[in-house]
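Please keep the model open while reading.

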2 protein chains.
Amino acid sequence: MARPREFDEAAAMNAAIRRFWAKGYEATSVRDLADDMGITCASLYNAFGDKRTLYRKALDHYVENGLGERLRRYQRLAPRKAIATFFADSVTRSLDDPARRGCMLVNAALDVAPHDPELRRAVSDVLARIESFFRRCIAGGQKDGSITTSQAPKALAEHLLGVHLGLRVLARVRPERAALEGVIRPALAMLAPERAAGRRGVASKSKAQE
Amino acid sequence: MARPREFDEAAAMNAAIRRFWAKGYEATSVRDLADDMGITCASLYNAFGDKRTLYRKALDHYVENGLGERLRRYQRLAPRKAIATFFADSVTRSLDDPARRGCMLVNAALDVAPHDPELRRAVSDVLARIESFFRRCIAGGQKDGSITTSQAPKALAEHLLGVHLGLRVLARVRPERAALEGVIRPALAMLAPERAAGRRGVASKSKAQE
DNA sequence: TGCGTTTTGTAGCGCTCGCTCTAGAATGCA
DNA sequence: TGCATTCTAGAGCGAGCGCTACAAAACGCA
């Protein structure tokens, strides 16, 4: 019973995500957003609210369609494999993006989270989801013997969350495969169960080399 | 042979560092800076150049007086102790700062480095210094037997650099001692040398617990 | 075909941005 | 005591900021 919307909301939202993702919150102007989304400022405010509200929605969409989908997919793999695939995909995604945007969630953690309690909570909640993904994988891997029991799932999961954040930061400064894989390889090696009476608790392919 | 400067340049620079550190580059205005530094815009531009130049100088000062000093200090400790102290201090610094500013260098890595080649190079160089601090510690520790030889110094150092970056990101979102120590504890445990024929290569105090 | 409702384009609001201009104040040297 | 030089204060430049007012346009429904 009114004039219908002329633009594709999903496409516009994806354009907004790309902008915020690449430039961050402060360095992105509403006019930049409207241009990329292919709509006018009036339509933008009418459909998505103000800049901060749009950012919040963009971040939510990014998390749900990007990260959330990944976690659900990895969850179906064997525990150890799930963790390794998660990190391998993060490396690939970082290297495949010529704009070096990194992970929008990690960017948000330093960009908007410190200055906005509501967004900080949102970011923190997603980090908790990632941590709990790790924790479930680790608990499963400890049960089937593929992951060391020398440390508690919670401890290892917190460590892996930290490694993930660090990986995504490093990827924006030094986007080289060797550097990124260097960050994760010891973390994966650490997960390997100890040999029954062996002297090394290290994954088969990681040999010491200078 | 001319009118002398009336303000304390070092104090003004420290004020600029605090501003940029807390708010980032984009969200800090030149007027904010001038107010905090206790000088006028004219004096600011006259003494420090434009906003970007001031940021660059502030970052350099931060690195030299903050991080650089810390690395030199830790370097004098026993290798294993140096690494542990580095991380412990990072945790303490993160928790002691009510403004949760994190590490200005890590903030810069996501804030300005991706959009400014020169600053990215500068950030990358400092990260390389941190990594080489870790590498020297690890090489030394492997010689005196305090650090595992199951992986090369370079590999472990890259991992620790990633952990440091992740730690500083997490500290801005979830500034809780337990979370931050949870990130670093497995990393430190991983450094422990294997028992001669033992089944666990884990530091004494880290016991498995759910 | 008019009516109520929502969207769209345009123009522009008040404000702040980074930065600069100019006049005067404060020095060392001649 | 002039002079050259540097610094300080204040006003203000053009531009862009986030955001909105307004009227025309496009619908479902009567």
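B:G166 is the residue of chain B whose C-alpha atom comes closest to the rotation axis, at 1.9 Å. The rotation in question is one of 180° with 0.0 Å of shift along its axis, and it superposes chain B on chain A with an RMSD of 0.0 Å. This is the relation of a two-fold axis. The model is a predicted one, in which local features need pLDDT of at least 70 and side-chain atom pairs count only at pLDDT 80 or more, while totals for chains, interfaces and linings use all residues. Residues are numbered from 1 along each chain as its sequence is written, and chains are lettered from A and ligands numbered from 1 in the order in which they are written.

The two copies meet through the same surface, since 100% of the contact residues of chain B recur in chain A. In total, 52 residues of chain B are in contact with 53 residues of chain A, where contact requires C-beta atoms, placed from the backbone, to lie within 7 Å. On the chain B side, α6 (104-111), α7 (117-144), α8 (153-173) and α9 (177-191) each supply at least two residues. The greatest contribution comes from α8(B), with 15 residues. By class, this side of chain B holds 26 nonpolar, 13 polar and 13 charged residues. In this classification Ala, Val, Leu, Ile, Met, Phe, Trp, Tyr, Cys and Pro are nonpolar, Asp, Glu, Lys and Arg are charged, and the others, Gly among them, are polar.

Which elements of chain A and chain B supply the surface near DNA strand C? At least two residues each come from α3 (41-48) of chain A and from α2 (30-37) and α3 (41-48) of chain B. The largest share, five residues, belongs to α3(A). Altogether 25 residues surround DNA strand C, the closest being A:A2, A:R3, A:S43, B:R3 and B:S29; a residue is near a strand if its C-beta atom, placed from the backbone, lies within 6 Å of it. Around DNA strand D there are 25 residues, of which A:R3, A:S29, B:A2, B:R3 and B:S43 come nearest. Here α2 (30-37) and α3 of chain A and α3 of chain B give two or more residues each, and α3(B) has the largest share, with five. The surface near DNA strand D comprises 14 nonpolar, four polar and seven charged residues.

Chain A itself contains nine helices and zero strands, helices being DSSP runs of H or I with at least four residues and strands runs of E with at least two, numbered from the N terminus. Its C-alpha trace spans about 75 × 40 × 30 Å along the principal axes. Of its 210 residues, 46% are buried, that is, have 20 or more other C-beta atoms, placed from the backbone, within 10 Å of their own.

Terms used:
Least-squares fit on C-alpha atoms with pLDDT ≥ 70 in both. Buried ≥ 20, exposed ≤ 12 C-beta atoms within 10 Å, placed from the backbone.
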